[in-house]
Amino acid sequence: MSINQYLLHIKDYIKQNTPVEFIYHDDKYIEIKNRMLKENIDRQYHDLICASYTLFYSSLSYHNQAVEDNDNRSYNILLGDFICSYVAEKLYENGLFSVLKAFAESTKQMMLNILNNDETSDLLDNIINALKER
Amino acid sequence: MDLASICNVNIKKLDSIIKSFIDIDSLLQLSHKEQLYDLVFSSGKRIRPIFTVLGSYFGEYNEEEVYKLAAIFELIHTASLIHDDIIDQADIRRGKKALHINTGIYDSIILGNYLVALSSEYISKYDFEKIYYDSFSLTDLCDSEIKQQAMLFNYDITFNEYISKTKNKTALLITASLLGGAKLANVNEKTLKILYQYGINLGISFQIIDDILDFTQDKNHLGKPNGADLMNGNITLPVIYALKDKNISEDIKKLNKNSSTKDFNHCIQYIADSNIILKSKKVSKKYIKKAKKSIRKLNHDKKQILINILDELEKRTY
């Protein structure tokens, strides 16, 4: 993570602008990094894709935390929103339209699943498939 | 102000597309769908989608595409309202219970996320990426809101900081909606620049009027309690002017999130009854004038619609 510019940007942003801690899911970072290596995905995308996948779970954690953390509820909601849109805009800026589409479809499905008490997700598979189809 | 009539927008068609977008997922529970319909269709003004359609009038447009983009802007706006109501602890939205009161906070957050993801899905499906992402940054909007959190109950806010906040909070999405429609219709760069200036100035004026109505309008029309902005620590233009009024400034400065309703109401009533409202209206009119000035060099047969909107905005009472 220490050299991932996208993660560092979010970490610094949170430190400078909010009273909450950066929520970082190392397991998610390792999960997608290993999968990209295994699938021989072009290394030029590794940093952005690893950050996008990991940050999506950070965003979800902030929204989860918003329920219990009354004092910082606003920050938790806004940070979740901020991080999600940051990911989408970075994917767009880098021309990764197919990944952007996979993100939209999979995260929408995840939201539906959460509303139906189902924790399954196909986000990782869909990102990898989108990258392989490029 | 019947914006749809002024702009010749087919609201039935727009609503039908919005409904079809929300209807698409069989996995979305019926109760959630109904709550989303309620939020979108119950007396919402549809300002953003109407502006998307309006923007398209300045070029060659495909009506089906324009209305789809317009619907996407309304969904994005609705998602932001859902999250805003939780942040502002607003129990009422447009005269009805806010979504989070019905569903609980977590489900409400997730429903807001669902709408953003749904919008993104449609942006990809219809190849609107360039038009949408080049017109609007949700990240910038969130950034502005995050930075505002540190400004709550901060009575040192300046006029310029208020205008900048207002631009980010309201004017940018209205402008993006307008430009989105215009870009979809391949409007030329010169006209896009004119429409940008128009949208920003109109958006600022619109929000100032909203901020005034928060003090002056009865809560039945407002759909939420009077003075809700001040109670949430959101320092708007009438408060900035009130802080310069010796008769009330000290009382306002004492207000914080733990103050009593009585103390808030005292300040809210003072502002509502004072010439502070008139002074704030003058600023709103100044931005309407700026919007009018920005379109002076626009040479197009639909220009009159832009002028008519500003004339109606000046009369706006709800």
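In which helix of chain A is the place of A:Ser85? The residue lies in helix α4 (residues 73–93) of chain A, helices being DSSP runs of H or I with at least four residues, numbered from the N terminus. The model is predicted, so local features need pLDDT of at least 70 and side-chain atom pairs count only at pLDDT 80 or more, whereas totals for chains, interfaces and linings use all residues. Residues are numbered from 1 along each chain as its sequence is written, chains are lettered from A in the order in which they are written, and side-chain values use heavy atoms, with hydrogens and water left out.

At 7% relative accessibility, A:Ser85 counts as buried (buried, under 20% relative accessible area; exposed, over 50%; partly exposed, in between; 1.4 Å probe, protein chains only). Neighbours within four places in sequence aside, A:Ser85 is in contact (heavy atoms within 4.5 Å) with B:Leu138, B:Thr139 and B:Cys142. The side chains of A:Ser85 and B:Thr139 make a polar contact at 3.2 Å (a pair of N or O atoms within 3.5 Å; within protein, one must be able to donate a hydrogen and the other to accept it, and residues adjacent in sequence count only if both atoms are side-chain atoms).

The contact between the chains takes 36 residues from chain B and 34 residues from chain A. About 3300 Å² is buried between chain B and chain A, 69% of it on carbon and sulfur atoms; buried area is the accessible area (1.4 Å probe) that two parts lose on being put together, summed over both. B:Tyr106, B:Tyr133 and B:Ile146 supply 20% of the area that chain B buries against chain A, more than any other three residues.

Two salt bridges are found across this interface (a side-chain nitrogen of Lys or Arg within 4 Å of a carboxyl oxygen of Asp or Glu). A:Lys108 forms a salt bridge with B:Glu121, with the closest N and O atoms 2.9 Å apart. α7(B) gives the most to the side of chain B that touches chain A, with 13 residues.

Over all chains, 18 aromatic pairs are counted. Rings of Phe, Tyr and Trp (its six-membered ring) pair if their centres lie within 6.5 Å; planes under 30 degrees apart count as stacked, over 60 as edge-to-face and the rest as tilted. The ring centres of A:Tyr24 and A:Tyr29 are 6.4 Å apart and the planes stand at 55 degrees, so this pair is tilted. One aromatic cluster is formed by A:Tyr92, A:Phe97, B:Phe73, B:Tyr132, B:Tyr133 and B:Phe136.

Notes:
Helix = DSSP H or I, 4+ residues; strand = E, 2+ residues; numbered from the N terminus.
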